[in-house]
Amino acid sequence: MCGITGYIGRNEAAEVILEGLHALEYRGYDSAGIAAFENGGISVLKSVGKVAALEEKLAAHGNFAGAHCGIGHTRWATHGAPSDINSHPHGNERIQIVHNGIIENYAPLRAMLIEKGYDFVSETDTEVAAKLIDLRYGESGDPLDALAAAMREIVGSYAIGVLFADYPDKLFAIKKDNPLIVGVGEGENFIASDIAAVLRHTKNYYQLGDLEMAVISASSVQIMDIDKRPLHPELQTATWSIEAAERGGYPHFMIKEINEEPSAVEKTLHPRIAGMLPDFSGEKLSDERLRSAKSVTFVACGTAMHAGLVGKAAIESLCRVPVKVEIASEFRYNNPILTPDDLVIIISQSGETADSLAALRLAKSLGAYTLGIVNVIGSTIAREADNVIYTWAGPEISVASTKAYTVQISLIYLLTIRMALLRGNISEAEARAYTETLYREMPEIIRKTIATEADIKAAALKFADYEDLFFIGRGVDYYLSMEGSLKLKEISYIHSEAYAAGELKHGTISLITEQMPVVALATDEALYEKMISNIREVKARGAKVLLVTREGAKDAAAEAECVLYIPPCDPFFAAIPLATVLQLFAYHVAAARGCDIDKPRNLAKSVTVE
């Protein structure tokens, strides 16, 4: 959540920082600000609203002309409402900081600082961090001693970029439990929340670790631990191009990323297949772990958790291993029962999701073997899990996850096939057949699904004016109902709920009226007649029904006002094209309502705080 960028070098700092802030807008924010060295001190400008509002203020001020070092921030409100005052940077004439994360002990720190004579103008926990650093700097006279002292006192998560007025040729940074990179250029260097902010200037970067500090000048980067001992992390190189982080002619990132799903699935699966069998030797994933696991627990949040639900159905069906799916924010407080024989799979697009990271650490402390499924190389979950499988989906800029979800479930299917083969639940021939279907056929089936976009858009227009909507399904279709409902509500702002169709009569059917349309998913042939009965129940109460089913489904057109079809495919993998249909449906509903599709209100791409 939020975005940090900082620059020091030969170019105009404000111009580079603003460019970085625009690149980080996808993370979600409600205000923005910038601080830079100007006229012998640190100047600060900030504004509630979009980065464009900050740009207007900056232009009126003179764009910090001649400033070659500065920091910038996009804020998503946690402590204090969105406002100019609560926007970052925070500090005083001696120090300014930008901060992502949560200072959990900000209240006692604030009380202590007030006793020391500090005044506060904002409601933020960040201002507490700024003034704590300032206090310790006043005591020691050394920026690194001040930052180390603050890190020892702060409880919580943070990525912080710092300017000290006494050091106009240096940029400082500290980090704990929140992503922060140091971009390395030629005669210029950067800090940023992620590589997207600096890709126009460099692909090379260091990943700052927990309780580490960085001192950055235009020509050098020094990284050290909290005791000021030098560290020498590996210089990493991003494989993404700047074009991959731009819309490429599409009206929104979301629709661009849906169209990237076939190639993303191919790219993810190809390196993990040898002789048309799943092969995770590149990740050094232990066959014995997969063979001997007594249970599997998926832990994730939001869309990633829904991917885990599809994984539950796949693993229990093919491997006959008990599977639980836990919401990360609940898992970590529910005193879970785990043993060294249990496999815990943490799913996170960013690899930085705060609750998922905490769940990972808890699972490890209980002795379970942990496997991360993440997209961002070198992210915290990737580094701390016992093993990691990268999804390699490329940058996903839209806040609403699409291709990352599709790639996650495709990868989980491949993992399921490997696990079933190792455990003797399927033969090698059967494993090859499943793998070939997944790898050879599913990308083309996604393409065929996308080719029906005109039909999906036409259906979406019929439902765009409602303010409430139900999704229903059975089995895996119910799990997809949950994801379809989430996708719709997060970008269209329609109040939407997902319900197991067989449970309708146990209370929820009381909500069905002419003003409560229903999207019914019925792709499982074994459950189709049951779903038709549920559709008739809601139609009898006046509901308008959109049925999403497989091609050739019996009497589908007669059972609903509107029908969408997924292309013929192996029923085991039907969740993949069904997900694409629901993503396109949500997209076109939101477009028809004029919503800000890529940056929906109140949401952030990477949820790095609780």
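Arg418 is buried, with a relative accessible area of 16%. Buried means under 20% relative accessible area, exposed over 50% and partly exposed in between, for a 1.4 Å probe and protein chains only. The model is predicted: local features need pLDDT of at least 70, side-chain atom pairs count only at pLDDT 80 or more, and totals for chains, interfaces and linings use all residues. Residues are numbered from 1 along each chain as its sequence is written, and side-chain values use heavy atoms, with hydrogens and water left out.

Arg418 is found in helix 13 (residues 403-422). Helices (H or I, at least four residues) and strands (E, at least two) are DSSP runs, numbered from the N terminus. The side chain of Arg418 makes a polar contact with the side chain of Asp287, at 2.8 Å. A polar atom of the Arg418 side chain also lies 3.4 Å from the backbone oxygen of Pro278. A polar contact is a pair of N or O atoms within 3.5 Å; within protein, one must be able to donate a hydrogen and the other to accept it, and residues adjacent in sequence count only if both atoms are side-chain atoms. Leaving out residues up to four places away in sequence, Arg418 touches Pro278, Phe280, Asp287 and Leu290. Contact here means heavy atoms within 4.5 Å.

Ile191 belongs to strand 10 (residues 188-192). Ile191 is buried, with a relative accessible area of 0%. Residues up to four places away in sequence are again not counted, and Ile191 touches Ile4, Thr5, Gly6, Ile71, Gly161, Leu171, Ala173, Ile181, Val182 and Ile216. From Ile191 to Val581 there are 390 residues in sequence and 39 Å in space, C-alpha to C-alpha.

Two packed helices are described by the angle between their axes and the distance between the axes. Axes are lines fitted to C-alpha atoms, for helices over the stretch in contact, and angles run from 0 to 180 degrees between N-to-C directions.

The axes of helix 14 (residues 428-450) and helix 19 come within 9 Å and cross at roughly 25 degrees. Helix 14 is therefore roughly parallel to helix 19. Angles under 35 degrees count as roughly parallel, over 145 as roughly antiparallel, 65 to 115 as roughly perpendicular and the rest as oblique. The crossing of helix 14 and helix 19 is right-handed. A crossing is right-handed if the near helix is turned clockwise from the far one by less than a right angle, and left-handed if anticlockwise. Helix 14 contributes Leu438, Met442, Ile445, Ile446, Thr449 and Ile450 to the contact, and helix 19 contributes Ile576, Pro577, Thr580, Val581 and Leu584. These residues divide into nine nonpolar, two polar and no charged. Ala, Val, Leu, Ile, Met, Phe, Trp, Tyr, Cys and Pro count as nonpolar, Asp, Glu, Lys and Arg as charged, and the others, Gly among them, as polar.

Helix 15 (residues 453-463) packs with helix 19 (residues 575-592) at about 50 degrees, with the axes 8 Å apart. The two helices are therefore oblique to each other. Their crossing is right-handed. Among the residues in contact are Ile456 and Phe463 of helix 15, and Val581 and Leu584 of helix 19. The contact residues divide into 10 nonpolar, one polar and two charged.

Helix 3 (residues 106-115) and helix 4 (residues 125-140) have axes that come within 10 Å and cross at roughly 50 degrees. Helix 3 passes helix 4 in a left-handed crossing. The residues of this contact divide into seven nonpolar, no polar and four charged.
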